[in-house]
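Please report on the helix packing and nonpolar cores of the model below.

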Amino acid sequence: MTPTAYELLRTTTERLAPEADSNPLVPLIADGTAHPRTLAVLALEQRHVIPADQRSFRHLAQRAAETGDAESTAFFDALADGESLADERLAPLLDACSVSETETATYEPQAGCQAYPAYVAWLALNGEPADVALALTANFASWGGYCATIARALRDHHGFTDEACGFFDLFAEPAPDLDRHALAAVQAGLDRGRITAVHLRYGRLVQRYEAMFWQTLADGDAAVRGR
């Protein structure tokens with residue numbers, strides 16, 4: 001029996017979920033032992049991730065529209081709009097991390113952190129939009145959990161204001177409208193026969209590239225602390 005979109009999203013998210021102890025950096029942030037410079041680098045890397053992902057989502061929306069896939073178009077347009085809000089909330093975080101405008105403009109991003117948006121760009125060019133929607137939605141659960149943990153830690157250990165934590169709060173908060181768009185996109189993909197097993201490959205790679213993001217930051221944290 002063909003699963004419903006809800007069932008497929010649930011099982012895919014469960015299959016792709018990272019191990020509880022697989023993120024080397026978030027526990028350090030959670031207990032307050034991560035170096036403050038690491039938080040600054042995290043924010044600086046996101047300054048490059050956000051516009052790249054936004055362009056990828058716009059391209060996916062355009063490709064979906066060209067094939068009459070209105071549901072995937074709406075999903076990726078919503079994601080792109082969300083990146084605009086994320087960009088607005090990033091500036092207070094950079095300020096709280098004492099990052100100057102000069103450093104923001106001249107910072108050189110790290111390959112390990114930018115592999116994720118590079119792969120999302122590959123998906124934007126090559127992936128079936130419905131498959132990509134499923135793979136990305138499965139990844140958002142772990143990303144949202146990390147952001148919730150970081151937002152709490154920034155308040156508890158660094159005294160960051162709500163405004164400074166707004167970037168992480170954005171992704172940690174429930175997003176019922178986006179969830180509805182994701183369900184509609186996946187269900188339409190199932191109905192039209194556009195969901196294939198390749199979504200699991202996409203999802204696994206998305207998770208691995210995100211893991212690379214956190215590992216790169218963790219390596220930098222160890223270096224700055226002399227460990």
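## A buried loop residue

Leu 25 is buried in this predicted model. Its relative accessible area is 0%, which means it falls under the 20% cut-off for burial. Leu 25 sits in the loop between helix H1 (5–16) and H2.

Leaving out residues up to four places away in sequence, Leu 25 touches Thr 38, Trp 214, Leu 217, Ala 218 and Asp 221.

## Packing of H7 and H10

Helix H7 (residues 129–158) and helix H10 (residues 198–224) have axes that come within 7 Å and cross at roughly 30°. H7 is therefore roughly parallel to H10, since angles under 35 degrees count as such. The crossing is right-handed.

Among the contact residues are Trp 143, Tyr 146 and Ile 150 of H7, and Val 206, Glu 210 and Trp 214 of H10. The contact divides into twelve nonpolar, five polar and two charged residues.

## Two nonpolar cores

The largest nonpolar core holds 36 residues. Leu 93, Phe 168 and Trp 214 touch the most other members. At least two residues of this core come from each of helix H2 (26–30), helix H3 (36–66), helix H4 (70–96), H7, helix H8 (166–172) and H10.

Leu 93 touches Ala 43, Leu 154, Phe 160, Ala 164, Phe 167 and Phe 168, again not counting residues up to four places away in sequence. A second, separate core has 21 residues, including Leu 60, Phe 76, Val 132 and Tyr 202. Val 132 of H7 and Tyr 202 of H10 also belong to the contact of these two helices.

Notes:
Residues numbered from 1 in each chain as written. Predicted model: local features only at pLDDT ≥ 70, side-chain atom pairs only at ≥ 80, totals over all residues. Heavy atoms only, no water. Axes fitted to C-alpha atoms, helices over the stretch in contact; angles between N-to-C directions. Helix = DSSP H or I, 4+ residues; strand = E, 2+ residues; numbered from the N terminus. Parallel < 35°, antiparallel > 145°, perpendicular 65-115°, else oblique. Left-handed = near helix turned anticlockwise from the far one by under 90°. Contact = heavy atoms within 4.5 Å. Nonpolar A, V, L, I, M, F, W, Y, C, P; charged D, E, K, R; others polar. Core = buried A, V, L, I, M, F, W, Y, C linked by side-chain atoms within 4.5 Å. Buried < 20%, exposed > 50% of the residue type's maximum accessible area, 1.4 Å probe, protein only.
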